[in-house]
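Thanks for asking me to look this one over.

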Amino acid sequence: MTTTVGKPVPRIDALDKVTGRAAYVGDLEIPGMVHGLILRSPWPHARVLSIDSTEAERLPGVLGVLTRDHLEGIDAYFGSVVRDRPIVAMDKVRYQGEPVAAVAARDLATAQEALELIRVEYEELPLVSEMEEALVPGSPALHETNLCAEQHYDWGDVEEGFAQSDRVFEDTFTFPMVYHYALEPHTSIGHYTNQGITVWSTAQHPFLVRSDLARMFGFSLHQVRIIVPYLGGGFGSKSYTKMEPLAVALSKVAGRPVRLALSVEEAFKTVRRHAARLTVKTGVKLDGTFVARECLIYLDTGAYADNGPLVAGRAGERIAGPYRWPSLKVSSSAVYTNSTPAGSFRSIGAPQAAWASESQVDIIAHDLGIDPLEIRIKNMVSRGEEVRRGQRPLEGDPATGLRLAAEAVGWDDEAAEESGRAVSSALVTGKGLGCNLSGVGSSPTSTALVRMHVDGTLTVLVGTTELGQGSRSAMAQVASEELTVPMDSVDVISSDTSIVPYDRSTGSSRSTTLMGLAVQDGAIEVKDQLLELAALHFESPVEELSIEEGQVLCRGESIGFGELIQEEFGGVAGELMGRGYVTPRSHGGRLAQSPVFWEVGISAAEVELDVETGAIRIPHYVSVADVGKAINPQQCEGQDEGAAMQGLGHTLFEEMLYEDGQLLNPNLIDYKVPTFAELPDKLETILIENGDGPGPFGSKGLGEGGIVAAGPAVANAIFRATGVRIKELPLTPERVWRALRRARGQD
Amino acid sequence: MAINETQRPDIDRIPVSLTVNGRTVTDNVPPELTLLDFLRDWLGLKGAKRSCDLQVCGACTVLVNGRAVSSCTFLAFEARNAEVTTIEGLAQNGELHPLQQSFIDNAAFQCGFCTPGMILAAKSLLDQNHHPNEEEIRAYMKGNICRCTGYKKIVEAIVAAANGD
């Protein structure tokens, strides 16, 4: 019997969200709360000679000013991999927009006035704006070196592989800097006291923020409380620690809770996705068999490391694609430049890697005269196969997914016509494919508590942050299903580090799988306790009992869950608690091997191109997600559709532009994101459900795959429509138009 | 609350009277106070959200005399004598508006940050055009940005609400 799993049941936050009741950090009013503003560096690279904040401190209404001179007793540095980011600038600034000072005041107007009274003396330093310059010996150094991290993967002998290849292809691709634009900018309310810290924040990973704040401000973990209400989108922009240390330090100087609500322009100067330059060299046999691949990846991680070292690692893994490689050699580096720090963004490193890998697969297919679908299928890893040395074998079947996508977009019809089709003299159409495979799930570290109250209803406590992905609803569905109680009998409390048990993070498509398992285990523990109580009640062995619709049944008799709890505790009192622990050793150790599961990203696009203007329209776009089992099919589709549209954004027009270290377009007028106008005429999501995931009920996560292969799918379609190969994103009308003209020898 | 203008006695206030969700509101507002700040900070109606501040994203959309406006760039005093509707005023006597129900049924939101503005913009559309086709919906709604859903389910929700499904 199933109650809710597999059904498109409404989200448990639905009423809150359609009525305006849902409270986000920016909607909270904390007693005594004052308002903070940040003074940011106008220079991309400069020594900070002096800061004079005395006048600002004297302004009536100002409660505190924070500069490098106000950090006594605080370890000022943080960073998820490299602790290179100070709360406010110390000796120098490394990007335009870096926080230099902050003011807390009774209102924003006063805070603004105070900012203008802070005198900062800078000495401008030479600037590093391009990765190429950054790595030249003797170039200006942001940190001790401009090489933030370097990762290598090496198996087989690529030199021998290239020698055995019939053809060797080498291409270089570039991927732009893009910004997440979660509609809600980063917002934190910090409250520092001698006894500890409370922070209300837009944090995807509250437990990691807790660790950072405890270390930086000298508290133990139980003295630091991070509360995350609803998030207005994340996509990685709110992962790890961002503005929380500044809000807390400002609260410390102000002696009051301080609200720090960034503007969108400031959010652009907080985190972004890595721009990339990727060179891919691939050796193949004439029949299309892949023999060897060597890749050189440079990722622009901006002024601070943030998650750059991990992004470099993932890009290096993901550039192999879902293919079998007898030999593979990858070098992937994160490089510092004077720009907004780059961190996690939906499927780290994968859109960059797939852009290069999947574009080149089509280059190879065209050159060898092989159908792009067939060359992919021919080289694709299959179920049970080792995807990367030493990692978990593939549990899914990407070839079936790719065929489904191709079929949905009418691939065979076009293959029959062999090339692009002219709609009119100016309009041509073409179809393109892209696919990728990403090891996801981060680490198997999630815990949950399932509380059954005396009336048989449930409160589930999880550290998963509800950032829109529907985690609270998915967890409610899992608990509801396992305990046979209706959805509306389940509430889910998430992300309050002093109340809910530990979770590592909300990202890497991990929550439904790992936290879902923890919730399921917690629910099973409650069920076992209920059966134990029922065995006493019925004086019958547990084997003769079963549960159904909130009752324990025994030989034609039944008793409600609540009544059993009352019998145990006496009166209308008490509750049962179930724990769920997901660790590398739990579940027979089956989650220990990395990755937790493999997430496919499969896209097929039909593109209509105006050759006179370079403008692209997408009449039909198909995305395939392998979800094992859809806990909520409607929400799964929504995740995948959203990811696909975000992918079309960086494919078609999104790009942060810098000139002389100044960000030119940190606003929604100059930085365009997809609107209803860009929604493909037909946007289709196909969910594959084989029950082969490691999560509850055979599920596995999704949410990231849909963004990965948009770029190559569209560029491959343009190639098939026009014969013109474009190796840079985004595919703006101007770029496409110029490429077409160049191809015709008109430039 | 964000900009507490009681601290700025030098600025002339403008007396305004308007209705917000059917209730009469009378106050003296500074000339530069936006309708968004007035609603959120003076009246405590937090449903309208601040995002782009540039009249691009639509998260701050409210209805002024039935028309969708970006309250981040609409001054509070311009709403004098007007009827303002925010997301908090859409459900009547505890009954959801058909658009609210349709957004739930069609999974037309995820994080929910754009949703108040999205629903009010859709209401403004349907009040003017009871049965818009998909093309008209896409054209009208392009002033409201959603980063989560990819828009498809929002279009479906508006179509369903228009059809009374």
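**Notes on the two-chain model**

1. Domain 1 and domain 2 of chain B together bury about 1,200 Å², with 64% of that area on carbon and sulfur atoms. Please keep in mind throughout that this is a predicted model. The assignment for chain B runs domain 1 over 10-89 and domain 2 over 98-162. Their C-alpha centres are 22 Å apart, and the contact draws 17 residues from domain 1 of chain B and 14 residues from domain 2 of chain B.

2. Still in chain B, have a look at helix α3 (residues 115-128) and helix α5 (residues 152-162), whose axes approach within 11 Å and cross at roughly 40°. That angle is why α3(B) counts as oblique to α5(B). The crossing in which α3(B) passes α5(B) is right-handed. On the α3(B) side the contact uses B:Met118, B:Ala122, B:Leu125 and B:Leu126, and on the α5(B) side B:Ile154, B:Ile158, B:Ala161 and B:Ala162. Sorted by class, this contact of α3(B) with α5(B) has eight nonpolar residues, with no polar and no charged ones.

3. Now for the interface between the chains. The contact involves 51 residues from chain B and 56 residues from chain A. Which three residues supply more than any other three of the area that chain B buries against chain A? They are B:Gln110, B:Arg138 and B:Arg147, with 20% of that area.

4. Chain A is assigned four domains, and several of them are built from separate segments: domain 1 (25-125 + 184-232 + 237-268), domain 2 (127-179 + 271-369), domain 3 (392-440 + 595-747) and domain 4 (443-589).

5. Domain 3 and domain 4 of chain A have C-alpha centres 39 Å apart. Between these two domains of chain A, 17 residues of domain 3 touch 14 residues of domain 4. The buried area between domain 3 of chain A and domain 4 of chain A is about 1,300 Å², 63% of it from carbon and sulfur atoms. Of the area that domain 3 of chain A buries against domain 4 of chain A, 41% comes from A:Ile631, A:Pro696 and A:Phe697, more than from any other three residues.

6. Helix α19 (residues 710-722) of chain A deserves a view of its own, starting with helix α10 (residues 350-368) of chain A: the two axes come within 8 Å and cross at roughly 30°. With that angle, α10(A) is roughly parallel to α19(A), because the limit for this class is under 35 degrees. The crossing of α10(A) and α19(A) is right-handed. From α10(A), the residues A:Ala354, A:Trp355, A:Glu358, A:Ser359, A:Asp362 and A:His366 meet A:Gly711, A:Pro712, A:Ala715, A:Asn716 and A:Phe719 of α19(A). By class, the contact of α10(A) with α19(A) comprises five nonpolar, four polar and two charged residues.

7. Helix α17 (residues 633-652) of chain A also meets α19(A), with axes that come within 8 Å and cross at roughly 55°. That makes α17(A) oblique to α19(A), and the crossing is right-handed. The contact of α17(A) with α19(A) has four nonpolar, three polar and no charged residues.

8. Lastly, some backbone details to look at in chain A. The peptide bond from A:Ser594 to A:Pro595 is cis, with omega near -10°, and A:Pro595 sits in the loop between β26 (576-582) and β27 (597-610) of chain A. A:Leu729 and A:Pro730 are joined by a cis peptide bond with omega about -5°; A:Pro730 is in the loop between α19 and α20 (733-743) of chain A. A:Phe235, a residue other than glycine, has a positive phi near 60°, and its place is the loop between β13 (224-227) and α7 (244-254) of chain A.

Methods
Residues are numbered from 1 along each chain as its sequence is written. Chains are lettered from A and ligands numbered from 1 in the order in which they are written. This is a predicted model: local features need pLDDT of at least 70, side-chain atom pairs count only at pLDDT 80 or more; totals for chains, interfaces and linings use all residues. Side-chain values use heavy atoms; hydrogens and water are left out. Axes are lines fitted to C-alpha atoms, for helices over the stretch in contact, and angles run from 0 to 180 degrees between N-to-C directions. Helices (H or I, at least four residues) and strands (E, at least two) are DSSP runs, numbered from the N terminus. Angles under 35 degrees count as roughly parallel, over 145 as roughly antiparallel, 65 to 115 as roughly perpendicular and the rest as oblique. A crossing is left-handed if the near helix is turned anticlockwise from the far one by less than a right angle, and right-handed if clockwise. Contact means heavy atoms within 4.5 Å. Ala, Val, Leu, Ile, Met, Phe, Trp, Tyr, Cys and Pro count as nonpolar, Asp, Glu, Lys and Arg as charged, and the others, Gly among them, as polar. Domain bounds come from an automatic or database domain assignment. Buried area is the accessible area (1.4 Å probe) that two parts lose on being put together, summed over both.
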